[in-house]
Amino acid sequence: MRIPLTRLIPSVVILSALSMSDAYTTFFGDPPDAHHAWAVHDQNRPQPPRVDPAEMPGAPPSDAIVLFDGTQESFETNWFHTKPEGERESDWSVVDGAMVCAPKGGYIATKEKFGDCQLHIEWSAPSDIKGKGQGRGNSGVFLMGMVEVQVLDNYENPTYADGTAGAVYGVMPPAANALRPPGEWQSYDIIFRRPIVRDGEVLDPGSLTVMCNGVVIQDSTPINGGGGYKKRKPLDRVFPDVGSLSLQDHGNPVRFRNIWYRPLRPREFDGGSDGRLSTEAALAKRAEIAAGIREDAAQKQGLDKALRLLEAQVYMSKDETQEEADAIVGAYLEEYSTLNEEEKKGRKWKILSLYKAYNFLVEFDMLPPEHDHSKAINVIVEEQGWDPKKK
């Protein structure tokens with residue numbers, strides 16, 4: 001169902017799920033709009049899930065998927081040779097807790113397929129230095145098998161810049177050479193965002209952020225189709241939603257250990273990766289939020305229910321929701337008018353909650369300024385001399 005733009009309701013949300021006094025003192029910032037489903041500081045927005053960090057730097061946190069933990073079992077469970085057995089001359093092996101590349105063994109890849117991720121991987125070039133340039137400690141980390149973060153022993157070993165360790169191979173050199181000497185362990189922490197292409201249009205070129213031994217060497221570097229040996233790849237090359245991680249055999253016995261990843265939250269890609277959604281996506285999400293709030297309101301009574309109904313109006317307006325809230329508030333105001341002065345003062349925070357609610361709805365054009373309840377509540381607050389700005 002398409003929701004017309006005329007029903008966009010910018011406003012401030014009332015925290016009626018809290019106590020009445022908290023509802024009065026706690027409000028959101030800038031409201032939902034045509035490209036944002038949530039208000040700023042929106043307490044209806046889901047909380048981030050708890051993730052327990054590892055005790056040791058580089059170890060997997062609680063939500064990580066471990067791809068290699070140093071054991072033969074982990075290697076056999078999670079990895080496979082991409083070259084058929086009859087076509088390769090040797091096999092990768094596990095030695096002293098590390099996977100060791102076997103020259104002429106071909107690439108290995110994960111059985112697990114994944115997309116946008118945080119990836120941790122540690123590698124070590126042979127301490128016995130042989131060769132130079134691209135012939136020394138060469139391998140590669142291939143995200144989805146399509147874009148390479150170069151692995152190379154560049155410790156006092158120069159080569160072409162976009163093929164050095166930590167380069168997005170053939171695309172962008174690293175910002176720094178942060179390698180330790182050959183034989184020592186190096187760590188890569190990689191944030192990978194795959195390119196998104198639809199109908200030939202590049203919506204996002206994708207990006208790689210890479211830290212080498214804790215030093216940022218790629219900072220949201222656009223993938224630009226992913227590089228290759230002497231070749232540029234087209235920008236509109238389509239990447240799958242998920243793919244395997246693969247490690248390269250380049251003829252050197254490079255070692256790998258402590259490999260794990262965490263999936264990144266998906267991009268709601270109808271607009272961009274900056275939190276903006278397309279109008280259609282934002283309205284659909286707002287309708288979903290409003291429906292959830294109305295379901296919660298159905299479990300409440302009195303002003304708690306009315307405030308929750310008004311909160312739903314912030315995300316998506318419905319005439320029947322406003323009428324139900326107004327009916328509850330109207331009955332409350334009628335009862336209020338029969339109280340003595342001392343009893344009226346005891347309703348201060350409830351009246352101020354309504355004052356805040358209706359004034360925000362009026363301010364952001366959800367209700368007309370002459371709305372009966374808004375005017376009546378404003379008169380009460382003025383007559384009582386209550387300051388709505390005081391907590």
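Is tyrosine 188 buried or exposed? I looked this up before anything else. Tyrosine 188 is buried, because its relative accessible area is 0%; buried means under 20%, exposed over 50% and partly exposed in between, with a 1.4 Å probe and protein chains only.

Ground rules. I am working on a predicted model, where local features need pLDDT of at least 70, side-chain atom pairs count only at pLDDT 80 or more, and totals for chains, interfaces and linings use all residues. Residues are numbered from 1 along each chain as its sequence is written, and side-chain values use heavy atoms, with hydrogens and water left out.

Aromatic pairs. I searched the whole structure and found 6. Rings of Phe, Tyr and Trp (its six-membered ring) pair if their centres lie within 6.5 Å; planes under 30 degrees apart are stacked, over 60 edge-to-face, the rest tilted. Tryptophan 92 and phenylalanine 256 are stacked, at 6.1 Å centre to centre and 25 degrees between the planes. I placed tryptophan 92 in the loop between strands E2 (79-81) and E3 (93-95), and phenylalanine 256 in strand E15 (residues 255-263), 164 residues apart. Strands (E, at least two residues) and helices (H or I, at least four) are DSSP runs, numbered from the N terminus. Both tryptophan 92 and phenylalanine 256 are buried.

Tryptophan 123 and tyrosine 188 form an edge-to-face pair, 5.7 Å centre to centre with 65 degrees between the planes. This pair joins strand E6 (residues 117-124) to strand E9 (residues 186-193), its members 65 residues apart. Tryptophan 123 also counts as buried, because its relative accessibility is 0%.

Cores. I took a nonpolar core as a set of buried Ala, Val, Leu, Ile, Met, Phe, Trp, Tyr and Cys residues joined through side-chain atoms within 4.5 Å. The largest has 43 residues, and Met99 and Ile259 have the most contacts inside it. E6 gives the most to this core, with 4 residues. A second, separate core of 26 residues includes Leu309, Ile351, Tyr355 and Ala357.

Helix H7. I checked its length: the 16 residues (348-363) should span 22 Å, and the end C-alpha atoms are 22 Å apart, which agrees. The expected span is 1.5 Å times one less than the number of residues. Buried residues in H7 include Ile351, Tyr355 and Ala357. Lysine 348 lies over the face of tryptophan 349, 4.9 Å from the ring centre; the test asks for NZ of Lys or CZ of Arg within 6 Å of the centre and within 35 degrees of the ring normal. Just after H7, aspartate 365 takes a positive phi of about 65 degrees.
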